Each structure stands twice: as C-alpha cells, then as structure tokens.
Amino acid sequence: MKTADEILSDLQALDADNYYSEDFEWLSAVRAYRAGLSEGEGQFFREAVLRRLLMDGSITDVLLCSVDAIPEAATLLANKLNGESAPSQMTRALIEALRRCGGEEAFRAVARFVDSDQEGEALRALAAIHFVRALPFLARAMKKEYIRDLALHILHDRFRAVGMDALQRELLAFCAGWSDAELSERFCRALKCKDEPYNPFTVEEIATLTRALLGPSFY
C-alpha cells in the first residue's frame, strides 16, 4: 500500500510528466491514477492533496481538490474563494473543488458568484452542495431564458440522485412556499426547453413532473 508521502511524490511526478499538457489532460491523468488506488490509499491520496493545498495553494493544488471529495479542505478553499474579487480561472477551480467538498462554508462562498460571469458554474455547484437551498437561486436565474438549459440538467442530476418521487416533493414544497404564481411554470418551461433526444428526461418523466407542478389539465 502506498503511503501519503509516496502518493505526494507520484503527484509531483505527474505534474512533471504533464508540464506541457492542458489542464484537462493533466486532470485526466490524475483521475486515472486515483482510480487505481485502493480504498485505504484513497485516504492517503486525500491527505496528500490537503498537504499540497496547505503548503502552496496554487491553482494546481485547488484543481487536485476536484478529483476527490476532501471535506477537510472546505474551510481553506472557501476562504480562498472569499478572498477573490472577480471571476477567473482560480475562482472556477475553487467553485468546482467546493462543489466536491460540500458543507455550509462551501455553499456560502460559492453563492457569491451566482451574480457573476460564472453564474452557471456557481448554480450547478450550489445544487450539488445542497439542492433545496439552491432552489431560490435557480428559480431567480431561470427568469433568463439562457439559464433554462442549465436548469434542465441540474434538475436531471437531482432526479438521478434521489428519484422522481423525492424530486417532486422538493419542487412542490419549494413552489408552495413562494407567492410567485409563475414559479411552477418557470420550472416546467425549463423541463421542456429541449426536445428528444437532447432532453435528458423522457416525455413521460416531463409529463409526470408537469402534472405535479401545474395539475393534470396542463399536460
């Protein structure tokens, strides 16, 4: 079994081997390396990444935090994101890493970037961290037509995670708590913004959700 020190050395070697590679190529190599580790070595991998983050905290170290969920890194990553004043490659990497970490600090740090050029990334991260708490942000953003496609995929991600019944309950409870009568229709427009085969929901699934949100006479 590899130790944390050995994994740290392996990561440094991967850095060197991929020095001239694009970030996505390097991350692909790191993910392949992580996939080859045992469960016990996985804990040492997370420890090695956290050590790198504490020692340096470069964008490379932040990107490593997106390979595996490292809750212990959430505070440090959130503090780094809170210190950023404008969207950048660093904030993009931090949002993705915090999406994997989860937790209250991650949610609050990412929420600040909903009203930025990284709105889509922030919304998707918030939904992954805490779907129900992300719904007010998503509902407001869906007033913009270009967000509907993103909202569709966020809803489908949640559907895959919790199933149809749970998704219906979450959406109905949220819509019932708001005085905006157009809110349910806004979700339905997102659900129908793409036709088959480009819509991840089936026609039957869309009908089920639409009937739940608007009533049986609306589909």
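Author: Let's begin with a term: an axis is a line fitted to C-alpha atoms, for helices over the stretch in contact, and angles run from 0 to 180 degrees between N-to-C directions. With that in hand, the axes of H12 and H13 come within 9 Å and cross at roughly 170°. One thing to keep in mind is that this is a predicted model.

Reader: Why are H12 and H13 called roughly antiparallel?

Author: Angles over 145 degrees count as roughly antiparallel. The H12 and H13 axes cross at roughly 170°, so the pair is roughly antiparallel.

Reader: Which residues make that contact?

Author: From H12 you have Ser184, Glu185, Phe187, Cys188 and Leu191, and from H13 there are Ile206, Leu209, Thr210, Leu213 and Leu214. Sorted by class, the contact of H12 with H13 has 7 nonpolar, 2 polar and 1 charged residues.

Reader: What sits in the loop between H12 and H13?

Author: Proline 197 is found there. A cis peptide bond joins glutamate 196 to proline 197, with omega at about 0°.

Reader: H11 packs on H13 too. What makes H11 and H13 roughly parallel?

Author: Helix H11 (residues 164-176) and helix H13 (residues 203-214) pack at about 30°, and their axes are 10 Å apart. The cut-off for roughly parallel is under 35 degrees, and therefore H11 and H13 get that label. Their crossing is right-handed.

Reader: Which residues of H11 and H13 touch there?

Author: On the H11 side they are Met164, Leu167, Gln168, Leu171, Leu172 and Cys175, while H13 brings Glu205, Thr208, Leu209, Ala212 and Leu213. The classes come to 8 nonpolar, 2 polar and 1 charged.

Reader: Why are H8 and H10 called roughly parallel?

Author: Their angle is about 15°, with the axes 10 Å apart. Since the label needs an angle under 35 degrees, H8 and H10 are roughly parallel. H8 passes H10 in a right-handed crossing. Gly120, Leu123, Arg124 and Ala127 of H8 meet Leu150, His153, Ile154 and Asp157 of H10. By class, that contact has 4 nonpolar, 2 polar and 2 charged residues.

Reader: How do you know that phenylalanine 159 counts as buried?

Author: Look at its relative accessibility, which is 17%. You'll find phenylalanine 159 in helix H10 (residues 148-162).

Reader: What does phenylalanine 159 touch?

Author: Not counting residues up to four places away in sequence, phenylalanine 159 touches Met164, Leu167, Phe201 and Glu205. Aspartate 10, on the other hand, is 149 residues from phenylalanine 159 in sequence and 37 Å away in space, C-alpha to C-alpha.

Reader: How far is isoleucine 59 from methionine 90?

Author: Their C-alpha atoms are separated by 5.9 Å, though the two residues are 31 residues apart along the chain. Leaving out residues up to four places away in sequence, isoleucine 59 touches Gln89, Met90 and Ala93.

Reader: Which residues of helix H7 are buried, and what do they pack against?

Author: In helix H7 (residues 104-111), the buried ones are Ala106, Phe107, Ala109, Val110 and Ala111. They pack against helix H5 (74-82), helix H6 (89-101), helix H8 (119-129) and helix H9 (131-141).

Reader: Now the whole protein. How many helices and strands are there?

Author: There are 13 helices and 0 strands. Of the 219 residues, 46% count as buried. The C-alpha atoms fill a box of roughly 65 × 35 × 30 Å, taken along the principal axes. The accessible surface comes to about 11200 Å², and 50% of that belongs to carbon and sulfur atoms.

Reader: What share of contacts joins residues at least 24 apart?

Author: Among contacts between residues at least 6 apart in sequence, that share is 61%.

Technical notes: Residues numbered from 1 in each chain as written. Predicted model: local features only at pLDDT ≥ 70, side-chain atom pairs only at ≥ 80, totals over all residues. Heavy atoms only, no water. Helix = DSSP H or I, 4+ residues; strand = E, 2+ residues; numbered from the N terminus. Parallel < 35°, antiparallel > 145°, perpendicular 65-115°, else oblique. Left-handed = near helix turned anticlockwise from the far one by under 90°. Contact = heavy atoms within 4.5 Å. Nonpolar A, V, L, I, M, F, W, Y, C, P; charged D, E, K, R; others polar. Buried < 20%, exposed > 50% of the residue type's maximum accessible area, 1.4 Å probe, protein only. Areas by Shrake-Rupley, 256 points an atom, 1.4 Å probe, with all protein chains shown as cover.
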